Amino acid sequence: MSRKATVYDVAERAAVSIATVSRVLRQPDAVRPATRERVLTAVSELGYVPSGSARGLAERRTGVLGLYFPGFDAAEDAPALDVLGDRPAPPFTVMHESGDAVSSPTMLFLDEVLRGAELEAWKRGFVLMIGVGRDDPSRETVRDIAGRVDGLMVLAQSVPDDVLERLAQRIPVVVLSGPPRGDSYDHVTVSNAEAMTELTRLILHGAAPERLAYLAGPEDSPDGAQRWEGFRAALAEVGATTDAVTLMRGDFTRESGRRAGAELVERGAPSALIAANDQMALGAIDAFRAAGLRVPDDVRVTGFDGIEAAALARPALTTVRQPMIDLGRAAVQLLARRLEQPDADPVTVRLPLQILVRESSRSS
């Protein structure tokens, strides 16, 4: 059995350094065409298959980027799977889906962020490692993943400040969502407040503030806090305060939206409900429909995020579309830049949002 070609063999055949070989394989556009062609010819002739260890020798890097999510997908009640058990599984089952079929609403957002990060990492020659910190109050998961990657992407406030600061002393860190707070990290964020202000203006054209309800997210959500500030700003423009508004709070799940909607029905339904995300808005619509209220004829409803379910709902939900895939791609771009320019000043990239006016907010 012949010996497998190594990065050293390719470098010798192409008359370049092993660092150049690694750069050609990871970022070919960064290498002069003639040199790139020599390296790729050597790779082809030798049948060389690059490995993470070879890249590490060349550049003291793993070629891996990390993406850390908190434990949003806690489906503890999911049935156990035992593919080696004695009882064969039926060839198929029939399930009539409802709004309850999606049990992890936050992942609808994070799945799209993940897709974008994976696409950009692949394009730039990196592998993406995902860490999910389910039931991990000490944040051992994020510490573990940080020890295996060249750079780390985290959701704002998903990692305690002191932990994140220690990690950033070892590897580059990019924070997703949430505004910069005087830190030294690169940030990717969106115009939450501005978009919510404009959305609220649209609703205020057909609803007095005292007939308005706002369904906020968790108190520790940076995005939720920005959307609340945008809502308050729109009220201030018409000389109103939040004291005139019925304020409810949920946890970004559809079920919490149902509970809030049912409570609003008991209190006396508002003329319009602005929810801090789509899933809560859809849950509130479920409750309104169950109580015999029509959307938008009796209650106008808006959401935020632009998930696919918002477009498929009946009536289709007015919302603010987040550039979820672009959030992931931008985070990878910032990490790649930081690896090449470790001493560059911190950068904050703010991505635009798009307001989608649909049937659920139509004035009667």
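Strands β7, β6, β8 and β9, in that order, make up an open sheet of four strands with parallel pairing. Two strands count as paired if DSSP finds at least two bridges between them; strands are DSSP runs of E with at least two residues, helices are runs of H or I with at least four, and both are numbered from the N terminus. The model is predicted, so local features need pLDDT of at least 70 and side-chain atom pairs pLDDT 80 or more, while totals for chains, interfaces and linings use all residues. Residues are numbered from 1 along each chain as its sequence is written, and side-chain values use heavy atoms, without hydrogens and water.

- At the edges are β7 (246-249) and β9 (300-302), each of which pairs on one side only.
- From one strand to the next, the twist averages 15° (axes are lines fitted to C-alpha atoms, for helices over the stretch in contact, and angles run from 0 to 180 degrees between N-to-C directions).
- Strands β6 (residues 212-216) and β8 (residues 272-275) run parallel and are joined by four bridges.
- Leu-215 has Ala-275 in β8 as its bridge partner.

**Helices on the sheet**
- Helix α8 (residues 192-204) packs on the sheet and touches β6, β8 and β9, where contact means heavy atoms within 4.5 Å.
- The direction of α8 makes about 175° with that of β8.
- Helix α10 (residues 254-267) also packs on the sheet, touching β6, β7 and β8, and its direction makes about 150° with that of β7.

**Asp-150**
- Asp-150 lies in the loop between α6 (140-146) and β3 (151-155).
- Asp-150 counts as buried because its relative accessibility is 8%, and buried means under 20% relative accessible area (1.4 Å probe, protein chains only).
- Leaving aside neighbours within four places in sequence, Asp-150 is in contact with several residues, including Phe-126, Ile-171 and Leu-339.

Definitions and conventions
Buried < 20%, exposed > 50% of the residue type's maximum accessible area, 1.4 Å probe, protein only.
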